[in-house]
Amino acid sequence: MPASSPLTPRAPGRSRSSHKTAPRTRLWLEFINTDAAPLIPRGDLLRDFNALVRWLVDMGVVDQERASGLDRRALLQPAAATATLVDARRVRAALRGLAERSLVNVRVRDDAIAEINRVLGRSTGTRRVETRDDGSAVRVFVPTGDAFAGLMIPIVESAADSLVINELPRVRRCADARCTRVFLDTSRNGTRRWCDMGTCGNRAKAARHRARSRPAVVVGADRERL
Ligand SMILES: [Zn+2]
């Protein structure tokens, strides 16, 4: 049994946390997308430490019991909570580099791997497999040291998994110039271009339709005025 501090209770055998991550996505890519300003009114989903904890709960990484412990500790140690948030954003920036530029820039890739190893190396804990309410299994990291330091472990492990199985060539940034979301292209031909067909994909489709149906004479008239 791992020694866990009262503020970092081990997840119960049957986790109550929901797991909203679709099977085809990756936790680290969803984490990167929390900074996707164009789609989020206030610009950054991780606006404070509390928001970071709520996001981890939503993703099924942290259960409610542990989240309550984190919130209590954040009240007692606000500076440590803020430092953890700043660090999470730093990890996120490195992971965005890994997702977008690591295949064309070795330095970016090496920096991201160094960042992953920094996170993996600074926290001690226990790895476990636990079952969810729906019967599916999930790997859980239970920190035994600094609870705040362990929060990024599942995220960087997810990125490490993508590196190890060499799926970075299938990681893409949305083709919509206004959208910064990244995604894993699981299409058979590897030709998916948009983060989501319901939003960016639909906008592109509508734009193509407008371009096709616009009378040529109007285009000419517009050019005249430019
Ligand atoms: Zn998009």
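How are α2 and α3 oriented to each other, roughly parallel or roughly antiparallel? The points below take up this question and then other features of the predicted model.

1. **Helices α2 and α3.** The axes of helix α2, which spans residues 49-58, and helix α3, which spans residues 64-76, come within 10 Å and cross at roughly 170 degrees. Since angles over 145 degrees count as roughly antiparallel, α2 and α3 are therefore roughly antiparallel to each other. On the α2 side the contact is made by F49, N50, V53 and V57, and on the α3 side by Q64, A67, L70, D71 and A74. Sorted by class, this contact of α2 with α3 has six nonpolar, two polar and one charged residues.

2. **Helices α4 and α5.** Helix α4 (residues 78-101) packs with helix α5 (residues 106-122) at an angle of about 140 degrees, and their axes are 9 Å apart. That angle makes α4 oblique to α5, and the crossing of the two helices is left-handed. From α4 the contact draws on V91, A94, L95, G97, L98 and R101, while α5 contributes V108, R109, D111, A112, E115 and V119. By class, the contact of α4 with α5 has seven nonpolar, one polar and four charged residues.

3. **Overall layout.** The secondary structure of the protein chain comes to eight helices and five strands, and along the sequence these follow the pattern β-α-α-α-α-α-β-β-α-β-β-α-α. Of the 226 residues of the chain, 28% count as buried. Among the contacts in the chain with a separation of 6 or more, 61% are accounted for by residues 24 or more positions apart.

4. **A backbone detail at N166.** Asparagine N166 lies in the loop between α6 (153-164) and β4 (171-173), and its phi is near 60 degrees, a positive value in a residue other than glycine. Because N166 has 8 C-beta neighbours inside 10 Å, this residue counts as exposed.

5. **Confidence.** The mean pLDDT of the protein chain is 82, with 81% of its residues reaching 70 or more. Over residues 1-23, however, the pLDDT is below 50, although this stretch has 51 contacts in the model beyond near neighbours in sequence. Where pLDDT is low, the predicted coordinates should not be read in detail.

Methods:
Residues numbered from 1 in each chain as written. Predicted model: local features only at pLDDT ≥ 70, side-chain atom pairs only at ≥ 80, totals over all residues. Axes fitted to C-alpha atoms, helices over the stretch in contact; angles between N-to-C directions. Helix = DSSP H or I, 4+ residues; strand = E, 2+ residues; numbered from the N terminus. Parallel < 35°, antiparallel > 145°, perpendicular 65-115°, else oblique. Left-handed = near helix turned anticlockwise from the far one by under 90°. Contact = placed C-beta atoms within 7 Å. Nonpolar A, V, L, I, M, F, W, Y, C, P; charged D, E, K, R; others polar. pLDDT = per-residue confidence, 0-100. Buried ≥ 20, exposed ≤ 12 C-beta atoms within 10 Å, placed from the backbone.
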